[in-house]
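Okay, thanks for coming, everyone. Let me put the structure up and then we'll walk through it together.

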Amino acid sequence: SISVAAIIKGNAYGHGVTLCAPWLAAEGVQWLGVTTVEEAAAVRNVCPQPHIYVMGSFWRGEAEAILTHRLTPSVWEPYHLEELTAAARRAKLPPQSVSVHLEIDTGMSRQGVAPGPALNHLLQLFQNSPELRLQAVMTHFHSPDELDSPATRDQILQFETAVDTITSAGLKPEILHAG
């Protein structure tokens with residue numbers, strides 16, 4: 001099935017995130033995408049539902065806020081997994097209770113883990129972090145308006161290879177998405 005995420009980062013592109021988020025949720029949007037934990041907390045305060053996806057992930061020291069506000073962060077750095085796991089253990093959360101989206105860098109070169117050794121290292125961390133749930137794997141196209149371009153095709157192939165590596169490691173994401 002296909003779900004749509006309403007991207008409301010940057011204060012809903014200047015329209016007011018606390019005004020737009022409840023309206024979008026009332027219209028049935030299942031996911032709201034924001035950039036920071038601070039922005040996500042503001043959205044959660046006015047919007048108990050739906051899922052809030054923190055696309056820019058989080059900084060050191062913000063893992064507790066992720067848990068408190070029931071946020072779903074994008075992860076790609078070892079410290080993301082380490083801090084979330086430590087916070088979940090301090091909170092005595094059960095296995096699979098902290099959902100994350102693993103971002104694969106297929107060429108955007110802004111954020112995400114590169115396929116290969118860096119991805120393999122993160123997969124080992126996932127296997128030692130039963131509190132984390134790999135809900136999704138995602139990437140970001142650098143030229144989405146050129147779907148037939150060789151660069152986009154290469155990014156799709158890299159993403160498919162990364163997903164194969166992830167599933168071969170025994171992890172089964174429920175969602176695949178691309179920006």
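For context, most peptide bonds are trans. And just so we're all clear, this is a predicted model.

Okay, let's zoom out. The protein chain has seven helices and seven strands. Starting at the N terminus, the order goes β-α-α-β-α-β-α-β-α-β-α-β-α-β. For the overall dimensions, the C-alpha trace spans about 45 × 40 × 30 Å along its principal axes. A compact globule with 179 residues would have a radius of gyration near 16 Å, and the protein chain agrees, because its value is 16 Å. Of those 179 residues, 44% are buried. And if you take the contacts with a separation of 6 or more, residues 24 or more positions apart account for 60% of them.

Back to H3, which runs over residues 37–46. Which of its residues are buried? They're Val37, Glu39, Ala40, Ala41, Val43 and Arg44. So what do they pack against? You've got helices H1 (9–13), H2 (17–26) and H4 (63–68), plus strands S2 (31–34) and S3 (51–54).

Next, the helix pairs. H5 covers residues 78–90, and it packs with H6 at an angle of about 5°, the axes being 10 Å apart. That angle is under 35 degrees, so H5 counts as roughly parallel to H6. On the H5 side you have Pro78, Leu81 and Glu82, and they meet His121, Leu122, Leu125 and Phe126 in H6. By class, that contact has five nonpolar residues, one polar and one charged.

H6 also packs with H7, residues 150–168, and here the angle is about 30°, with the axes 10 Å apart. That makes H6 roughly parallel to H7 as well. The crossing of these two is right-handed. H6 brings Leu119, Asn120 and Leu123 to the contact, while H7 brings Ala162, Thr165 and Ile166. The classes here are four nonpolar and two polar, with no charged residues.

Now, follow the chain out of H6. Between H6 (117–127) and strand S6 (132–139) there's a loop, and Glu131 is in it. Is Glu131 buried or exposed? It's buried, because its relative accessibility is 9% and the cut-off is under 20%. And who does Glu131 touch, leaving aside neighbours within four places in sequence? Thr85, Ala88, Arg89, Leu93, Pro94, Pro95, Gln96, Ser97 and Val98.

Last stop: a couple of backbone angles. Most residues other than glycine have a negative phi. Ser57, though, has a phi near 65°, a positive value in a residue other than glycine. You'll find Ser57 in the loop between S3 and H4. Lys92 also has a positive phi, about 55°, although it's not a glycine. Lys92 is in the loop between H5 and strand S5 (98–103). Which of them is buried and which is exposed? Ser57 is buried, with a relative accessible area of 2%, whereas Lys92 is exposed, at 72%.

That's my tour, so over to you for questions.

Methods: Residues numbered from 1 in each chain as written. Predicted model: local features only at pLDDT ≥ 70, side-chain atom pairs only at ≥ 80, totals over all residues. Heavy atoms only, no water. Helix = DSSP H or I, 4+ residues; strand = E, 2+ residues; numbered from the N terminus. Buried < 20%, exposed > 50% of the residue type's maximum accessible area, 1.4 Å probe, protein only. Contact = heavy atoms within 4.5 Å. Axes fitted to C-alpha atoms, helices over the stretch in contact; angles between N-to-C directions. Parallel < 35°, antiparallel > 145°, perpendicular 65-115°, else oblique. Left-handed = near helix turned anticlockwise from the far one by under 90°. Nonpolar A, V, L, I, M, F, W, Y, C, P; charged D, E, K, R; others polar. Rg over C-alpha atoms; globule rule 2.2 N^0.38 Å.
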